[in-house]
Amino acid sequence: MKEAVPVAPDWGGRYQLPGGVYADWRHDPKAQLAYGAFPTRLEVTLVWVAALALFAWTATAGASHSWSWWQWAIAAFLAMDIGGGAVANCLNSAKRFYHAPPALTDDTLSKLARRPLVFAAIHIHPVIAALAFSPAMLAASIGWFVALFIGSALVRAVPLFLARPVAALVVTGAIVVSSRTGFIVGLEWLPGILFLKIVLGHMVREEPYGS
C-alpha cells in the first residue's frame with residue numbers, strides 16, 4: 001500500500017493520502033468546542049438535524065408523562081447535547097481540533113477539552129438524568145458513568161490500529177446491556193447514544209479529511 005506523503009512538515013498543513021484525498025490538519029484559532037476547526041455549513045447542519053431529531057423523539061415521552069418545565073429543559077439539554085454531539089464528534093472538523101496538539105493560542109478550556117479522558121469525565125449525563133427523572137436509578141446511572149469512563153480509557157490505551165474496533169465493541173456492549181436492563185422511561189436511548197458520542201466518536205483518533 002502506498003505510504004501517505006506529507007505535504008507540510010508540521011501539524012499546521014495538509015497531508016496527501018492515496019486516492020486523491022488529503023488529511024487536513026490546519027490550525028484554526030477560531031475553533032469552536034462544539035464543531036472543531038473549520039466546520040463546513042453542511043457539517044453544522046448535520047449536527048443540528050441529529051440534535052433536534054432526538055429531542056423530538058424524546059418529547060413524545062415527555063408529552064405522555066407530564067414533565068414539569070425544568071424536566072423539559074433537562075430533557076432538551078440531554079437530547080440535543082448527546083444527539084448532536086454523537087454526530088459532532090465524528091465530524092472532520094472535530095477530529096481536526098480535538099486530535100491535534102494544543103496550540104499557543106488555545107485558552108485553558110480548549111486545552112482541557114483536548115484531553116480525551118477529561119472530556120469523558122465531564123459527561124455525567126446518566127447521573128443528571130437519574131436525579132431529574134428517576135432517583136431510584138441513581139446507582140445504575142453512576143454505573144453507566146463509570147462504564148463510560150472505563151470504556152473510554154480502554155480505547156485510549158490500546159494501539160491506534162485497534163482503537164476503532166475496540167470502541168465499536170464497547171458501544172455494542174453498552175447497547176446490548178441497556179436493551180436488557182432498561183433505562184429511564186423516555187430516555188431509554190441515553191446509554192447507547194452517549195457511548196456512541198464519547199467512546200466511538202471522541203476517543204478514536206482519525207485523520208480529518210479536507211472538504
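How many helices and strands are there in the chain? There are 9 helices and 3 strands, where helices (H or I, at least four residues) and strands (E, at least two) are DSSP runs numbered from the N terminus.

A word on the model itself: it is predicted, with local features needing pLDDT of at least 70 and side-chain atom pairs counted only at pLDDT 80 or more, while totals for chains, interfaces and linings use all residues. Residues are numbered from 1 along each chain as its sequence is written, and side-chain values use heavy atoms, with hydrogens and water left out.

Along its principal axes, the C-alpha trace spans about 55 × 35 × 35 Å. Of the 211 residues, 44% are buried; buried means under 20% relative accessible area, exposed over 50%, and partly exposed in between (1.4 Å probe, protein chains only). Counting contacts as heavy atoms within 4.5 Å, residues 24 or more positions apart supply 69% of the contacts with a separation of 6 or more.

Helix α6 (125–133) is largely enclosed by the rest of the structure, because 7 of its 9 residues are buried. These are H125, P126, V127, A129, A130, A132 and F133. The cover over them includes α2 (69–88), α7 (138–157) and α9 (190–202).

Helix α9 also holds I198, which counts as buried at 0% relative accessibility. Leaving aside residues up to four places away in sequence, I198 touches N89, F119, A120, H123, L148, S152 and M203. One of these, F119, is 79 residues from I198 in sequence, yet their C-alpha atoms are 8.3 Å apart in space.

I122, by contrast, is exposed, with a relative accessible area of 54%. I122 is located in the loop between α5 (116–121) and α6. Together with L112 and V118, I122 makes a nonpolar surface patch of about 240 Å². Patch residues have over 30% relative accessible area and no salt bridge, with nonpolar side chains (Val, Leu, Ile, Met, Phe, Trp, Tyr) joined within 5 Å and like charges within 9 Å. A salt bridge here is a side-chain nitrogen of Lys or Arg within 4 Å of a carboxyl oxygen of Asp or Glu. Accessible areas come from the Shrake-Rupley method with a 1.4 Å probe, and for residues only the protein chains shown count as cover.
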